[in-house]
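Open the model in your viewer and keep the selection panel at hand. Each stop below says what to select and what is there.

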Amino acid sequence: MNDTVNQWVDENQETLVDFLRKIIQIPSVTGNEAEIQEYLCKYTSAMGMESVSFVPSLEELGTHPAFVKSDMPYENRPDVVAISHGAGGGRSLLFNGHVDVIPEGPAENWKHPCWGGEIEDGKLYGRGASDMKSGVAAMTMAMKVLKECGIRLKGDVTIEYVMDEELTGNGTLACVMKGYKADAGICCETSSMCVQPASIGRIWFDIHVKGKAAGIQRRYEGVNAIDLGYLVKEAVEAFEKDRVARTSHPLYPNIIEAIPCMIGQFSSGSYASAFPDECLLKGSMATVPGESSDGVKAEFIDFICKYTAERNEWLASNPPQVIYTGYFAEPSEIPSDSPIVTMLSDNFGKVMGKPPVISGRQGAADIRHLNTYGDTPTVIFGPGRTEEMHANNEWVDLNDYVNAVKILANTIIDWCGIA
């Protein structure tokens, strides 16, 4: 462990916190990433990194098998890639993090202003504080520490700041298609300070249910789609229970937390005084590494149709229609004894005085693109808490953030080597 690095971090915590506050104070809801990307491009360039900005091409992305269709244009929504070139002879390392965040929601739901970056009791509040601007800040400050301490590395370090992670993951895919890669990677997504060699997959779906139309006075001649919708919801819950009973993975000991399958939206009817003959349910389910996404999709359709057919004569003849649309992510993992996992864990132990928890991330992550297509075996580690993702009054523990900077900076040194 490098004492000079750790001392610089301890003496300059205000610098680290100020940077995190600054990027939280720049609103960057998905679709509005331009301002924060301009700031990060200039900031890393001032650090002495070779920083470039480019707007991903939806046309080019559309040729890739991992592309997820976007309903939003990409103009003025760049990726930023910053590279610190080493002296040569060392291993290269890539950092990845997304700058977009989910919408803030009603202001009255926030104890502190959503974009304020206010601090209370050692916690910094704001949208993205956990997911994942603290991770973005930690990987940036880890390189700043090394620059400030005059440490020249042997290997190259690449930092990817990507857009559109929350809806598609296409920002990281665009970097992969540009050819950015390294001997290993660290994605600084929310991990609650756990070292995570794996992430779940996520599948969004729509379920269309058709009833039988009838006039409101003779409603007894119709088939109410709301009633059918509740039966479909029950089927989805039964599918989750079935999967929990037969699915396992060593990095997900509490499997029920890893593979949720639920309905998030339910809508039916078109008018208060009209009989509801259609229903739309929207939801998502998750997969763990080792599972076939296509296989799970097929199982889901078969289960929903069989479950509802056995319980409702109308649905036996008019089965629900499942359509997979919107967000999709494959599960991904690297071996838990991979060199980058071992080295990151070792530095965690030196900084924290205890070994890290090795687990799987209970959320999808862009490591799927880096591992599968980017020739960059990537582990997840970040200061943001998974349970704070997308939460009102989102916050990050500043001690976790500062310690993450130390852990990452020392890992860069050990991995890349000092020239």
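Select N371 and show its surroundings. Leaving out residues up to four places away in sequence, N371 touches S332, E333, I334, T376, P377 and T378. This is a predicted model. Widen the view to helix 12, residues 367–372, which holds N371. Is N371 buried or exposed? N371 is buried, because its relative accessible area is 19% and the cut-off for buried is under 20%. Now pick G185. G185 and N371 are 186 residues apart in sequence, yet their C-alpha atoms are 9.0 Å apart in space.

**The sheet around strand 11**

Select residues 278–287, strand 11. Of its 10 residues, seven are buried, so the strand is mostly covered. Strands 9 and 11 pair antiparallel, over 10 bridges. Which residue of strand 11 is the bridge partner of F205? It is G283. Select I263 as well: its bridge partner in strand 11 is G283.

**The nonpolar cores**

Next, colour the nonpolar residues. In soluble globular proteins, nonpolar side chains tend to be buried together. The largest nonpolar core here has 65 residues. Select F95, I186, F381, Y401 and I412, the members that touch the most others in that core. Helix 13, residues 398–416, supplies the largest share of this core, with 12 residues. Zoom in on I412. Beyond its neighbours within four places in sequence, I412 is in contact with L93, F95, A142, M143, L146, L153, V157 and G417. Another core, of 23 residues, lies apart from the largest one. Its members include L231, A235, V236 and I263.

**The cysteines**

Last stop: select the cysteine sulfurs. How many disulfides does a search of the whole structure find? The search finds zero. Start with C41. Its closest cysteine sulfur is in C175, 12 Å away, which is too far for a bond because a disulfide needs sulfur atoms within 2.5 Å. C41 is buried, with a relative accessible area of 16%. Move to C149. C149 is in no disulfide either, and the nearest cysteine sulfur, that of C416, is 15 Å away. C149 is partly exposed, with a relative accessible area of 21%.

Note on methods. Residues are numbered from 1 along each chain as its sequence is written. This is a predicted model: local features need pLDDT of at least 70, side-chain atom pairs count only at pLDDT 80 or more; totals for chains, interfaces and linings use all residues. Side-chain values use heavy atoms; hydrogens and water are left out. Helices (H or I, at least four residues) and strands (E, at least two) are DSSP runs, numbered from the N terminus. Buried means under 20% relative accessible area, exposed over 50%, partly exposed in between (1.4 Å probe, protein chains only). Contact means heavy atoms within 4.5 Å. Two strands pair if DSSP finds at least two bridges between them. A nonpolar core is a set of buried Ala, Val, Leu, Ile, Met, Phe, Trp, Tyr and Cys residues joined through side-chain atoms within 4.5 Å.
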